Amino acid sequence: MEKEFIQTSRTVSPLPHSPLQARLQGRVILPGDPAYDPSRQSWNLSADPRPAMIVMAQNTADVAEAARYAGQAHLELAVQSTGHGVYRSAEGSLLIVTSRMKTIRIDREARTAWIGAGAKWGEVLAKTQAVGLAPLLGSSPDVGVVGYTLGGGLGWLGRKYGLAADSVLRFELVTANGQLVYASADENSDLFWGLRGGGGSLGIVTGMEIRLYPVTTVYGGTLFYPVQAAGEVFARYRDWIVAAPDELTSSIVLMNFPPIPLVPENLRGQSFVMVRGCWCGPIEQGRALVQPWRAWRTPLIDEFKEMPFSQVGAISDEPVDPLPVFTTGAWMNALPDAAAEPLIRHCVQGPSPVLFAEVRHAGGAISRVPPHAAAFGNREAPLLLLLLGLTPTPEAREALVRQTQSIKEQLRPHLTGGVYLNFLEGEEARQRIRDGYAPEAYERLVQLKRSYDPHHRLQSGFALK
Ligand SMILES: Cc1cc2nc3c(=O)[nH]c(=O)nc-3n(C[C@H](O)[C@H](O)[C@H](O)COP(=O)(O)OP(=O)(O)OC[C@H]3O[C@@H](n4cnc5c(N)ncnc54)[C@H](O)[C@@H]3O)c2cc1C
């Protein structure tokens, strides 16, 4: 690679870089550059790829230049915004980092927003709430809008307004060979179908237009109960959600708070069973819905309250600082005692590598979208299991993978056989890819991959083969 001089804002530094740099507004970063390690870092520290080259893209033109360059240099392409989702390592590839592409333009009248590929949900939430509107973010405002949405996107307004993917009106993307393409119901509608649930395999999304909703205040939070009551809490939760209107999206969680300073002192090292939820209807009705829990047994901690939707991240209060984690999950068809029992036994009765086991209530508006309307699969499944643990060492990861496999094996009669690919990672995401979709939808996605990326240059998304 030739040596050139890069003009930065402060200094002229002799950095080795590619001819690509001259064509970009953003930056090319190569191994050895002091910016290399921070730029390749993911939120999930279990991913530690060493890309051949990193492009910190500033805009769509940079993404297109980088994609074309990757083709000429015979490099695989990978894309990252925040590094929350790890489907395939960017090892040896040209990694396009979109985190500087943070355009957020809101059309208040039309209740839509144009979101750049590098925006995080928290940034979109703040701007949309300022004009009385809400996006369909998930439990963590730190997650990237585009990666989350391409995989489906199930959040606290999910049962009322559906998946984030169902609220996309238009995508702008750059194909693996560097072409700019738009996809909507009227333009490249096949691609539009595939991008809504098909993951980031079909192209590099540079921006998208999404629908927004008139939600400013919700009744939400978490009730903490002692783990000794977990069996009863699961049984009550099951009955609670049967009658729940779509305005309530909720989950039940088994949580082992690790004994680390990051965790508040009153929770550190302790285990709980927790009921979480977000009610987006009239506040009084939300309060009445939670009342039976309070009447049954006073929670150890009761965080349910009227809150501005801008604070919705507080319901799950997920960590923002990078962590080494492993996640897995599966769609469930029911939550009988026979399913709750192994979950409780293996997650909170005695030491467990599982930090967090959550069953989310899906259905509602998610299941009312016709199954063929978008690539996203398993819409009809009512419940979604997520298991997560910390993986500071390879041994810890192995123990966790073994434990979660065993849990899923024991839960098998209560699983639909489908998976939510946003909640899987690495090897498992590749092996279970077909279980993310209806069989004909998967075949259609593979055809789309052949048309839009025939040489399989873009490798970081769901593994469509
Ligand atoms: C703490 C935490 C909370 C979560 N909560 C939820 C939740 O409530 N609901 C839910 O549905 N999911 C949730 N997820 C899963 C999350 O949606 C996925 O991990 C998602 O892939 C993260 O997207 P990202 O852009 O932040 O991550 P990144 O790691 O930057 O991207 C993940 C993948 O998305 C694709 N991608 C990203 N940007 C682009 C682009 N511009 N063009 C093409 N492909 C792209 C790529 O394949 C990339 O490998 C959560 C994950 C974590 C770690």
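Is Asp 166 buried or exposed? I looked this up first, and Asp 166 counts as buried at 16% relative accessibility. Buried means under 20% relative accessible area, exposed over 50% and partly exposed in between, with a 1.4 Å probe and protein chains only.

**Basis.** I am working from a predicted model, in which local features need pLDDT of at least 70, side-chain atom pairs count only at pLDDT 80 or more, and totals for chains, interfaces and linings use all residues. Residues are numbered from 1 along each chain as its sequence is written, and side-chain values use heavy atoms, with hydrogens and water left out.

**Salt bridges.** I noted 26 salt bridges in the structure; the term stands for a side-chain nitrogen of Lys or Arg within 4 Å of a carboxyl oxygen of Asp or Glu. Asp 166 pairs with Arg 379 in one of them, at 2.8 Å from N to O. The two residues are 213 apart, with Asp 166 in the loop between helix H5 and E9 and Arg 379 in the loop between helix H11 and strand E19. Helices (H or I, at least four residues) and strands (E, at least two) are DSSP runs, numbered from the N terminus. Arg 379 is buried, at 4% relative accessibility.

I then checked Asp 435, which forms a salt bridge with Arg 432 at 2.6 Å. Asp 435 is partly exposed at 28%, and Arg 432 is partly exposed at 24%. Asp 302 bridges to Arg 294, with the closest N and O atoms 2.6 Å apart; Asp 302 is partly exposed at 34%. Arg 23, Glu 65 and Arg 68 form a salt-bridge network.

**Core.** I looked up the largest nonpolar core and found 59 residues, with Trp 121 and Phe 171 among those with the most contacts inside it. Such a core is a set of buried Ala, Val, Leu, Ile, Met, Phe, Trp, Tyr and Cys residues joined through side-chain atoms within 4.5 Å. Helix H14 gives the most to this core, with 6 residues. A second, separate core has 42 residues, including Trp 293 and Phe 326.

**Thr 206.** I found Thr 206 in strand E11, buried at 4% relative accessibility. Its side chain makes a polar contact of 2.6 Å with the side chain of Glu 172. For that term I used N or O atoms within 3.5 Å; within protein, one must be able to donate a hydrogen and the other to accept it, and residues adjacent in sequence count only if both atoms are side-chain atoms.
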